[in-house]
Amino acid sequence: MAVVEQQQTVRAQAKYVRSSARKARLVTDLIRGRSVPEARTVLAFSARAVAKDVEKVLRSAVANAEENLRWNGDDLVIAKVTADEGPTLKRHRPRARGRVNAIMKRTCHITVELAQSPQAIARAAAAEAAKPKRQRAPKAEPVAEQAAEETAAETTTESAEGTED
């Protein structure tokens, strides 16, 4: 049976973002699979308004990784990024002859998952292997402790006998 090792990820999510999921997916597709510094650059120069919201979620995920797992923010890769549909706010606009048009104000939930890059994992493994192993001090023998107590007791009795003469 093969052992499957799952890669550890860090996640951040923004809910009820006031943009449609379709517009957000256009931005999330640009950064999927990229490193964090590269994704920040792409988002900074994106003309889409939702790029600011995606960048906020990315910053939050990096902060989670640095604070909770002590990972370096520049060594992270975007493992998964999604923009799912949220609830739609339904509004109405009056039209001619007493009619009404529906206005759908759509929302989305943006999720970013980060993982360590393979180079960072290799560096951490090499550093762990190079670190010397900590050795425990041997425990004291119970026999030696009893012998030390006996000699201490003999010296007190001898000194007490010598004062009686």
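User: What share of the contacts in the chain with a separation of 6 or more comes from residues 24 or more positions apart?

Analyst: In this predicted model, residues 24 or more positions apart account for 70% of the contacts with a separation of 6 or more.

User: Which order of helices and strands does the chain follow along the sequence?

Analyst: The chain contains 5 helices and 5 strands. Their order along the sequence is β-α-α-α-β-β-β-β-α-α.

User: How many residues does the largest nonpolar core have, and which of them have the most contacts inside it?

Analyst: A nonpolar core joins buried residues through side-chain atoms within 4.5 Å. Here the largest has 27 residues, and Leu58 and Leu114 have the most contacts inside it. Two or more residues each come from strands S1 (9-17), S2 (76-85) and S5 (108-116), and from helices H1 (21-31), H2 (36-44) and H3 (50-68). H3 provides the largest share, 8 residues.

User: Which residues does leucine 58 touch, beyond those up to four places away in sequence?

Analyst: Leucine 58 touches Val36, Ala39, Arg40, Leu43, Ile78, Val112 and Leu114.

User: Is serine 19 buried or exposed?

Analyst: A residue counts as buried under 20% relative accessible area. Serine 19 is therefore buried, because its relative accessibility is 11%. This serine 19 lies in the loop between S1 and H1. Across the 165 residues of the chain, 25% count as buried.

User: What is serine 19 in contact with, leaving aside neighbours within four places in sequence?

Analyst: Serine 19 contacts Ala24, Val50, Arg106, Thr107 and Cys108.

Key. Residues are numbered from 1 along each chain as its sequence is written. This is a predicted model: local features need pLDDT of at least 70, side-chain atom pairs count only at pLDDT 80 or more; totals for chains, interfaces and linings use all residues. Side-chain values use heavy atoms; hydrogens and water are left out. Buried means under 20% relative accessible area, exposed over 50%, partly exposed in between (1.4 Å probe, protein chains only). Helices (H or I, at least four residues) and strands (E, at least two) are DSSP runs, numbered from the N terminus. Contact means heavy atoms within 4.5 Å.
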